[in-house]
Amino acid sequence: DAIVVAWKGTEMYYHRQRQIPPGSYTFTLAAIQQPAFEQEMNNYSGTRLQSIRKEAAYLLFEQEDMIRQVQVRKDMEFRRQVMEAIFKCSGEPADSVKVVPGTK
């Protein structure tokens, strides 16, 4: 069997093809909701199901973490721009100022 799961943003896409011999294939994925995906996975083999669920959970975590990292980079760039604007006025170079997290 071939099972393909993909995400675009927060949408999940899925395709399953049974009794497929080894080779190269092109699949057309269809949008699927989480409950329907879980139901589909419940119909699948027990040992493989655990592996697939674990992989799907990791991929979802990885996607959410990538979104978080992009936001962190945007926040850091904003802080850098604010520091440049503030310390440009004081005559002190912005790189010489260290910001310690958790302090004011």
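Visitor: Before we start, what is pLDDT, and what does the protein average?
Guide: pLDDT is the predictor's confidence in each residue, from 0 to 100. This is a predicted model, and 82% of the residues score at least 70. The average pLDDT of the protein is 80.

Visitor: Where in the protein is confidence highest?
Guide: Let's start at the other end: confidence is lowest in H1, at a mean of 80. The highest confidence, at 91, belongs to residues 30–32, which form strand E3.

Visitor: Which strands does E2 pair with?
Guide: Look at E2 from both sides. Seven bridges join it to an antiparallel partner made of residues 2–8, strand E1. Three bridges, again in the antiparallel sense, join E2 to another strand. In these pairings Tyr-14 has Val-5 opposite it and also stands opposite Ala-30 in E3. The partners are therefore E1 and E3.

Visitor: In the hairpin of E1 and E2, which residue takes a positive phi?
Guide: Two residues lie between the strands of this hairpin. The phi in question is near 65 degrees, and the residue that takes it is Gly-9.

Visitor: Which residues make up the covered face of E2?
Guide: In a regular strand the side chains alternate between the two faces of the sheet. On E2, the uncovered face has Glu-11, Tyr-13, His-15 and Gln-17. The covered face has Met-12, Tyr-14 and Arg-16.

Visitor: How many residues make up the largest nonpolar core?
Guide: Strand E2, helix H1 and helix H2 each give two or more residues to this core. Its members are Met-12, Tyr-14, Ile-32, Phe-37, Met-41, Leu-49 and Ala-56. The core's total is seven.

Visitor: Is the aromatic pair of Tyr-14 and Phe-37 stacked or edge-to-face?
Guide: This is one of three aromatic pairs in the structure. The ring centres are 5.7 Å apart, with 75 degrees between the planes. Planes over 60 degrees apart count as edge-to-face, so the pair of Tyr-14 and Phe-37 is edge-to-face.

Visitor: How many residues apart are Tyr-14 and Phe-37?
Guide: Both residues are buried. Tyr-14 sits in strand E2 and Phe-37 in helix H1, so the pair links distant parts of the chain.

Visitor: Are Tyr-25 and Phe-27 stacked or edge-to-face?
Guide: Tyr-25 is partly exposed at 39% relative accessibility, and Phe-27 is partly exposed at 25%. Their ring centres lie 6.1 Å apart. Because their planes are at 20 degrees, the pair is stacked.

Key
Residues are numbered from 1 along each chain as its sequence is written. Side-chain values use heavy atoms; hydrogens and water are left out. A nonpolar core is a set of buried Ala, Val, Leu, Ile, Met, Phe, Trp, Tyr and Cys residues joined through side-chain atoms within 4.5 Å. Buried means under 20% relative accessible area, exposed over 50%, partly exposed in between (1.4 Å probe, protein chains only). Helices (H or I, at least four residues) and strands (E, at least two) are DSSP runs, numbered from the N terminus. Rings of Phe, Tyr and Trp (its six-membered ring) pair if their centres lie within 6.5 Å; planes under 30 degrees apart count as stacked, over 60 as edge-to-face and the rest as tilted.
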